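Hi,

Here is the structure I promised to pass on. Have a look at it first, and then read on for what turned up.

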Amino acid sequence: MGKIRKTYPIEIKRKAVHLYLDGDKSYKTIAKELGISDKNIVMRWVKHFENEGMKGLEEKRGKAVGPRKGRPRKCLFTLDEENLRLRAENEYLKKWLGLERR
């Protein structure tokens, strides 16, 4: 079974980043004050904020990053194309299984 991850609201992330960037508190102190489970989480938020701004603090898990990979499906076949494809597939399987008649 996978780990259950806690997600924090954007307001908590923003507050943690600003507390750190103000310069008077450590990652550990901020995590303890805001009830964040680990100082490394705050460290990661600060790094993301410095690289990407507020967009870096948004939740990214479960969101698609780009278009689907792989070959696009071809749905529209003419009957002749479908027939040729199926015959070739059938011949390939016969050869592969050693069922070819001689």
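Helix H2, residues 27-34, packs against helix H3, residues 39-52, at an angle of about 110°, and their axes are 8 Å apart. Angles of 65 to 115 degrees count as roughly perpendicular, so that is how H2 and H3 lie to each other. On the H2 side, the contact is made by Tyr27, Lys28, Ile30 and Ala31. H3 brings Lys39, Val42, Met43 and Val46 to it. Sorted by class, the residues of this H2-H3 contact are six nonpolar and two charged, with no polar ones. Do keep in mind that this is a predicted model.

H3 turns up again in the largest pocket, where it gives the most to the lining, with four residues. The space in that pocket is about 520 Å³. A total of 18 residues line the pocket, and the closest to its centre are Arg5, Arg44, Trp45, Glu59 and Arg61. What classes make up the lining of the largest pocket? Nine of its residues are charged, five are nonpolar and four are polar.

The protein has 102 residues, and 17% of them count as buried. Looking at contacts with a separation of 6 or more, 48% are between residues 24 or more positions apart.

Cheers

Methods
Residues numbered from 1 in each chain as written. Predicted model: local features only at pLDDT ≥ 70, side-chain atom pairs only at ≥ 80, totals over all residues. Heavy atoms only, no water. Axes fitted to C-alpha atoms, helices over the stretch in contact; angles between N-to-C directions. Helix = DSSP H or I, 4+ residues; strand = E, 2+ residues; numbered from the N terminus. Parallel < 35°, antiparallel > 145°, perpendicular 65-115°, else oblique. Contact = heavy atoms within 4.5 Å. Nonpolar A, V, L, I, M, F, W, Y, C, P; charged D, E, K, R; others polar. 1 Å grid on protein atoms, 1.4 Å probe; cavity = no way out; pocket = protein on both sides within 12 Å on 5 of 7 lines; lining within 4 Å. Points joined across faces, edges and corners; volume = space filled by probe spheres on them. Buried < 20%, exposed > 50% of the residue type's maximum accessible area, 1.4 Å probe, protein only.
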